[in-house]
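Dear colleague,

Please find below the structure that I am handing over to you. My notes on it follow directly after.

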Amino acid sequence: MAFFFAQFLTGLANAAALFLVASGLSLIFGVTRIVNFAHGSFYMLGAFIGVVLMDLLPGHVGFWGAILLTGLAVGLIGALVEMVVLRPIYRAPELFQLVATFGVILVIQDLALMIWGAEDRLGPRAPGLRGVWRIFGEPVPKYDIVLIAITPVILFALWYLIARTRLGVLVRAATQDREMVGALGVNQAWLFTGVFALGSALAGLGGALQLPKGGADLLMDFNIIGAVFVVVVIGGMGSLPGAFIASVLISVLNVFGVTYLPQSTLVLMYVVMAVVLIVRPYGLLGREEVAGEHGQVGAPETPIRPYGPKGMALVAVLLALLALLPVFAEPFVLTLVVDMVVFALFAASLHFILGSGGLVSFGHAAFFGGGAYAAALLVYHTGTPMELAFLFAPLAAGLLALGIGWFCIRLTGVYFAMLTLAFSQLVWSLAFQWRSVTRGDDGLVNIWPAEWLSGDITYYYFALAFGIGGILVLRHVIHAPFGYALRAGRDSPRQAEATGIDVKRVQFAAFALAGAMAGLAGGIFVFSKGSVFPTELEIAKSFDALIVVFLGGVKTLAGGVVGAGFMTVVEDWLVRLEYWRLLLGLVIIAVVILMPEGIVGTLRTLWRRIRHSDEEAV
Amino acid sequence: MNLMRRTVLATAAALALTPATAFAQETIKVGEINHYKRLAAFAEPYRKGIELALSEINADGGVLGKDLEFIFRDDQGDPAEAVKIAEELMTRDGAVMFTGSILSNVGLALSSFANEKKYLYLASEPLADTLVWKSGNPYTFRLRVSTWVQAAMLAEEAAKTDAIKYATIAPNYAYGTDAVEAFKTNLKMLKPEVEFVAEQWPALFKIDAGAEVQAIERAKPDAIYNVTFGTDLAKFVRQGTDRGLFDGRPVYGLLTGEPEYLEPLEDEAPEGWFVTGFPWYGFEDGTPGKTFVDAYEAFTGETPKIGSLVGYMTAQSIAAAITKAGATDTEALRMAFEGLEVENTPIGTLHYREIDNQSTLGAWTGTTAVEDGKGVMVDWTYNDPAPYMPSDEEILEMRPAD
């Protein structure tokens, strides 16, 4: 019994930092609707700044003073980021801002490396709180007890701020209806900045508070972000008490998981999240999202039309050029184009459900990697001929999408996104831990194409045929009646239902098709690289696709493809430089600010404007 | 219209990326692929080790009358990206061979690529033993000491005590599982009565140290085998020390004594653990090890890490192989690496085994202590790997026919 209690205390102490970071994210989302991926970076900044300040300020006052100052400093950085990066793009399509926050992550990573160097920093101990107290005979670190005592205080302070102050009233009002708050004369811009600063400050506090239990290192931003999102989603996006309950739940479950199921450390929280979302689609204390809430901002979109004859002809000419490329280009260019085609098909398949279906998936890598793994497993274990294994890739990925989609499709918005993420993590952990079949992160190697395809040029044509073919199929489907039904369901589910479209079913089918196409990309990928590893199933892979779709332009036909091409080329150039993450981050932020409709969308608008003024002149 | 623009972009990019490669070959180039950003703390000392060796080699006239040059490329820790870069190094940059990678999965992807494209790869730092054994191939050689050998050294020491019940803690990925498996197998061989009462698998760099310590304590082991490293190790040591987990229990730590992991712990470094590591501070004057340490400190102004040593010996090995081959084509280099002897390395003469392409770099073992507020290894020895290797028959059985 004493042991159980001690475990419970460990869980509660772990919940402290997690709750601080998660409450900040939840606040930011609640008010600004920004899914802030950079939140982990503020946590990391908090840790590094905390270490520096604690070195400068000695003693009890110094330690606790340093933590408060850290919160303040990170809050200011947050305000700066909000004003410079996010403020210009609040009117962009929904979730577009997450691309900008991704750029912020890259910039902060490189800056932190420049300022603090690569080596891990051990966190200073809290003065007078080294060692343990014995509770029922079990040792419990003193600092854990302090953390357990602090957390409710912070929860109470936040609750007071939100429930009892004027600022809190405004924040709650903005959470419910920000347009209305703006209409009533509240300066939204400063409200948003304030909330973003507060949320960042909380993340910074969390980073500083955990120092006596750990330290500061350059990987901690990515290492915490998954857990933080899980907590916010389980609690219900925007709900502070929810975030508190969820952080305690997750932390305590983790502690018991470590003891009774030591292998479960990778997936436990994602399993919990999946279960919670399936039972309660809006988290424990979240409220149902009002339809259209994050939806259309700005002018209603003109429906996408197929290209006219001129456009078709040009596409054909350029495809022919691509086909002739091997005649004059060196081998490496072919490799690069194959990579580009793979990524373009992967992005196009995500763009298909995201743009035309309005379904934002955070777990699309499950199908890309799933397809790659399906083919590789067949080759590796049964020696299946490459041609057959290749065909199996889209098939298996499509089936996987049917399975995952069955659970996810009933959810909407961010909750849909998070459930897809949870499932993709499950698939990842399966590949990672089922070592007897998948070889874990040793991966499956020596998965090369069949003899007749193994030449650089032959495989180039093979990849081109299937990659471009897949993209054209997706394009065709968008303009087929099925595509129109899908778009109707996105724009107005009710009217679509009324005209006899089974919206969920159409979305389900689209999800499966997108999965199969991602799997096809995975198939081309695995035989071009000769190996596959669980990295292809990671969250980062899903986000790669997400980012290029947004960069290219969600509301356009070629957004995913153009974004993928742009990103492949820019990355290929930039990674040759020392501070490529900083530069890539700045490029992403610049594109986001200058082209809020995405690359294709903004070019299209420009083109129309030019043509329009020409007509006037005539 | 938009699709067209995409294609224009792709083609333009492809064309723009076709710079002149026809520069006269004034240097001999070697590709080096690593995770310079993602694992900066490990990759930077490694790179400096290479740069030190290059400055010495080129001051001595280079190889085959030309300067040796490394092309450093960042793969973001992504196996697919690494393979793409390897392709570029081979087909465009004219690198005669390539090396690099710390992460095992990237190493394995590169090794598979090397075998398919008949391009020579020296796996400098990856730890996975499958690189030279189960997935070994003729085009992959490995420098760094194998996990199996280091675990066997610790098991040998562990078998000397009367501890029967062991707990293990290792990061939850292939390296951790391999390291635990190797320790268990070796220890059971030496002492069949041992039992393993707890196996903990924290997620890499996401350890819940308090919970792990409680779980191990609950199993009441006689001794502990640790594979965690980096921030996980720091947290584990802190919680374990605070909660008294290590009191009266021998602890065996794989890699724990490497400066990369021991230094950040400062005065909280664990004391009395038996570990593998790199006690550069204990090298005596006049030894090749000390010469290397002095040169490194003079060259970089920093103290060396184990990565520095590996980087230094990587460049030395490649220079020796090119010199021995007398040519730079892949087949000549591959034949040169078979049974290659590299003289004057910090550990004396280094040898690449013909049977499995593994180098004979050994490992230092010793006991941790805190001196002047810093964690160090004391009573250390350098151990040759040969006695700890699996037998030749076992290796031949594991290794696919070349």
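Two strands are taken to pair if DSSP finds at least two bridges between them. The model is a predicted one, and the sheets described here rest on that criterion.

**The five-stranded sheet of chain B**

With parallel pairing throughout, five strands of chain B make an open sheet in the order β2-β1-β3-β4-β5. Its edge strands are β2 (67-74) and β5 (140-142) of chain B, each of which pairs on one side only. From one strand to the next, the twist averages 25°.

**The seven-stranded sheet of chain B**

A further open sheet in chain B has seven strands, ordered β7-β6-β8-β9-β10-β13-β14, and its pairing is mixed. Here β7 (195-200) and β14 (374-383) of chain B are the edge strands, each pairing on one side only. The twist averages 30° from one strand to the next. Strand β6 (residues 165-169) of chain B runs parallel to strand β8 (residues 223-226) of chain B, and four bridges join them. The bridge partner of Ala167(B) in β8(B) is Ile224(B). Helix α5 (residues 147-159) of chain B packs on this sheet, where it touches β8, β9 (251-257), β10, β13 (363-371) and β14 of chain B. Its direction makes about 150° with that of β9(B).

**Helix α6 of chain B**

Helix α6 (residues 174-190) of chain B has 17 residues, which at 1.5 Å a residue should span 24 Å; the end C-alpha atoms are 24 Å apart, so the two values agree. Among the buried residues of α6(B) are Tyr175(B), Val180(B), Phe183(B) and Leu187(B), and Asp178(B) and Asn186(B) are buried as well.

**A helix pair in chain A**

In chain A, the axes of helix α2 (residues 39-56) and helix α9 (residues 220-235) come within 8 Å and cross at roughly 130°. At that angle, α2(A) is oblique to α9(A). The crossing of α2(A) and α9(A) is right-handed. The contact includes His39(A), Tyr43(A) and Met44(A) of α2(A), together with Phe222(A), Ile225(A) and Val228(A) of α9(A).

**A hairpin and two residues with positive phi**

Strand β2 (residues 132-135) and strand β3 (residues 138-141) of chain A run antiparallel and are joined by four bridges. Trp133(A) has Val140(A) of β3(A) as its bridge partner. The two strands form a hairpin with two residues between them. One residue in the turn, Phe136(A), has a positive phi of about 55°, although it is not a glycine. Phe136(A) has 11 other C-beta atoms within 10 Å and is therefore exposed, since a residue with 12 or fewer counts as such.

Glu266(B) likewise is not a glycine and has a positive phi, of about 50°. Glu266(B) lies in the loop between α9 (259-262) and β10 (274-277) of chain B. Because 14 C-beta neighbours lie inside 10 Å, Glu266(B) counts as partly exposed.

With kind regards

How values were computed:
Residues numbered from 1 in each chain as written. Chains lettered and ligands numbered in written order. Predicted model: local features only at pLDDT ≥ 70, side-chain atom pairs only at ≥ 80, totals over all residues. Expected span 1.5 Å × (residues − 1). Buried ≥ 20, exposed ≤ 12 C-beta atoms within 10 Å, placed from the backbone. Axes fitted to C-alpha atoms, helices over the stretch in contact; angles between N-to-C directions. Parallel < 35°, antiparallel > 145°, perpendicular 65-115°, else oblique. Left-handed = near helix turned anticlockwise from the far one by under 90°. Contact = placed C-beta atoms within 7 Å.
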